[in-house]
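Dear colleague,

I am passing on to you the structure we spoke about, and I would be glad if you could look through it before reading on. My notes follow below it.

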Amino acid sequence: MLPGNIVNELVQIVGKENVLTEQEELAAYAFDATADIPKVLPEVVVTPCNAEQVQQIVKIADKYEAPLLTRGSGTNLSGGTVPIKKGIVMVMVKMNKIIEVDYNNLTATVQPGVIIQDLNDAIAQYDLLYPPDPGTVATATMGGSVAECSGGLRGLKYGVTKDYVMGLEVILANGKVMRCGGKTVKNVTAYDMVKLFVGSEGTLGVITEIIVKLIPAPEARKSAMATFKSIDDAASAIMGIISNKVIPATLEIMDNVTIKTVENYAHVGLPTDAEAILLIEVDGIPEVVEKEAQAVARVCQENNGSLKIAETEQERDDLWEARRAALPALAQVSPTTVLEDATVPRSKIPDMLKALRGIANKYQLPIGTFGHAGDGNLHPTILTDETNKEEMERVHKAVDEIFEVALKLGGTLSGEHGIGIAKQKYLEKEFGEAGIEALEAVKKALDPKNLLNPGKIVNV
Amino acid sequence: MAKYDNLGNIKAEITKCMKCGNCQAVCPIYKELFGESGVARGKIQIAKELLEGRLEYTDKLKEIFELCLTCKACAANCPCGVKPDEIILATRAALVRKKGLPALKRYIFGALSKPKRFRMGMGMAAKFQAFGLKKVDKKELVKARLPIGIDKRRVVRPLANKSLLTQMPENNRVVQPRAKVAFFTGCMLNYIYTDAGHAVVQVLNANDVDVILPKKQHCCGIPVFINGDMETAKEIARYNIDIFSAEKYDAIITHCGTCIGAWAHHYQELLADDPEYGTKAKELAEKSFDVSQYLIDHIGIKEPVGEMNYRVTYHDPCHMVRGVGISDQPRQVVKSIPGIELVEMKKPDRCCGMAGSFSLSHYNLSSRIRDKKIDDALAAKPELVLTSCGACRMQLEDGLYQAGSDIPVKYVAEILAEAYSSERGAAIEREIG
């Protein structure tokens, strides 16, 4: 239970309309986009409109030692925004101003509630681009995606969120304001606090302002789809493209289960007998794009892939339609969709795909795998029903094994979704005892009372 | 059991939601209020809690479920194919069963369930409305003078002196008919935009179609349905089905997003477990069309010769574009008119914020949503805004007035009727000349 006065004090800071306390309203903040995670209602939801209000709210949480969970759009896939210790949920979506676009330094300064797509829409007229593009670009906030360090389809060539965050304003757990980083490309002043906060999942501080790097938007792009009768051929093609010094903006794979499901759902003319499909897009300067597209075509053909190149924008959209339909199609098959993001070095993709097939057989579960083959970030997706207890037990065992295999192949638990609570129990397997101790030490140093999104990533 | 008769019937729909939150990107209410309970995902999860007994039927719950325009943008954008609008309507229906309707709605819906009483009431209202309304300078628009449930800032169209059904003969025949259709006018064309009602008959006649206006027809009942009063909605559905199956028509024609939704989908859903009326509803659904859909897809429009030199933009009514899937046909009708330049506004299918009684109970919020639509419409620099729904038209007229614009709003049928008329004018001139 929260101390009696806390709600009144919150109301005084942000006004009545920005404080929710009734069960019916709180129920809408008890979950995020993660499957198979129990719901927990917060005790109060508060929506600040500026950094000063955020600071005051953090001070109140500190004063009353109340858990404080910072939330953007709540679209993450790690259970990161489920308030497992109850307390205060602070929603940042009303702080949604693009403060500045700096054309000379190629940066944008934004409040945390800005939607990623809105930033890209605002800079498109200047032919600039903010590359990180998680599947949730149209809904996720900049603050949320910085806190989760989200990735996306362009990761292979353009990297992920942490490669674009240059500066932050953060309210620390004690209520003090810290600024770190800035607009300079070079910055080695003290510890890299910016990188520490990117991907910290709201456990170390509250981000109130973000400076991101922008790049000139690529002038041209070309997409192709290659179908393969064998996984090994597809994998050789992936490796071959990159060893030919071509770094596609996107290099996506869909396995046979996904292909069949997508075709059944969207009827886009996919070959259901193919073992794998690669979707490839190269972008950049027109002449280079042309040359790279030819290299991609050659490599795919050399590896027995049958190739379709999109000649028009419409044909490009049609190709990507299949990839966009992957998750929705898989999601329609069963009531619950358990989506993982275990990631392996690119060279281990075939091993990972084979292991996933083995796991699917062993636990008698439909697993569709698609994802970012170019950067080794696969999305094995288990189709199940969370009300079926016996099946969920098998699902949990399968998930355990997926992570085990990924780590054994030299990979990592999470390519882009984060740890939250969903992958917490595997953390020690990747970090070891010393690593966990170091993580805990960081958490304790910055949040000694364990109030900021408590219970996520590490348990202190 | 019919979909909306028990909240449990909608369970499978609720389970389909994977909580991705994609609905946030398109929900006009979420874009204004930024609250999770305002958007489909939040409402679906709240409905789930309700269904599983962890939440009660409270006033707060009712307040939350009132915050939906039923614009179906979430459904169209849902990767899992969830129909949040159905979940919301089912919850509204469950709330009405548990908690009843508020006094004013109970009174109005009570009157709606009695077609004759409703017609008389509307007749009286047309006579006495002058007391409650004052005219806006030089316009055919009025504002509320007294607190009669309309926000005093708002401009509306007054009720017509005589309803369309009393103005027009029941049979409007042509010499060599290609078809015989019944015109379901709906309330907006019958009581307010009667000129547009005439236009519908005129364009059908011009295409050699006999038009019958069954005099006893009634409100489509969707306002009642949207508010969760499913029993009254069923009564109205059965009544209209009786009226429109008394005689054999080739088609039932409407010119309203909400009315076409009633005939195309909702009557069937409501009466799904009524063997007699369910079957009739299904049969009638197959031959119910918006006037543009009928002209383009079914009989082939007679292309007008008369030139109309306007730059126009078209607003898609939600229930028409997403409810029934009609968006191309009205545009084709417009483009068939020589001289017309159709300029698309940004997001032509985004909700105007009217949503029937929503705009009465939540005028401020409704206006904020409307203003975005007006900005988009004005950016297309039209001389005329077209739509296919009276409620949208009324909202757009208010919005344009508030934005200080004189641009008129019309139904698609009206511009086509004008084109046919000018063509006749031209023909007469030629004969005389």
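Which domains does the domain assignment of chain A give? Please keep in mind that this is a predicted model. For chain A the assignment gives domain 1 (6-91), domain 2 (98-216), domain 3 (218-327) and domain 4 (334-450).

I then turned to the pair formed by domain 3 and domain 4 of chain A, whose centres, taken over C-alpha atoms, are separated by 26 Å. The contact draws on 16 residues from domain 3 of chain A and 15 residues from domain 4 of chain A. On the side of domain 3 of chain A that touches domain 4 of chain A, at least two residues each are supplied by α8 (231-243), β13 (250-255) and α9 (256-266) of chain A, and by class that side has eleven nonpolar, two polar and three charged residues.

Chain B is assigned domain 1 (3-99), domain 2 (115-296) and domain 3 (303-424). Between domain 1 of chain B and domain 3 of chain B, the centres, again taken over C-alpha atoms, are 29 Å apart, and the contact takes ten residues from domain 1 of chain B and twelve residues from domain 3 of chain B. On the side of domain 1 of chain B that touches domain 3 of chain B, α2 (28-33) and α5 (73-77) of chain B each supply at least two residues, with the largest share, three residues, coming from α5(B). The residues of that side of domain 1 of chain B divide into six nonpolar, one polar and three charged.

With best wishes

Definitions and conventions
Residues are numbered from 1 along each chain as its sequence is written. Chains are lettered from A and ligands numbered from 1 in the order in which they are written. This is a predicted model: local features need pLDDT of at least 70, side-chain atom pairs count only at pLDDT 80 or more; totals for chains, interfaces and linings use all residues. Domain bounds come from an automatic or database domain assignment. Two residues are in contact if their C-beta atoms, placed from the backbone, lie within 7 Å. Helices (H or I, at least four residues) and strands (E, at least two) are DSSP runs, numbered from the N terminus. Ala, Val, Leu, Ile, Met, Phe, Trp, Tyr, Cys and Pro count as nonpolar, Asp, Glu, Lys and Arg as charged, and the others, Gly among them, as polar.
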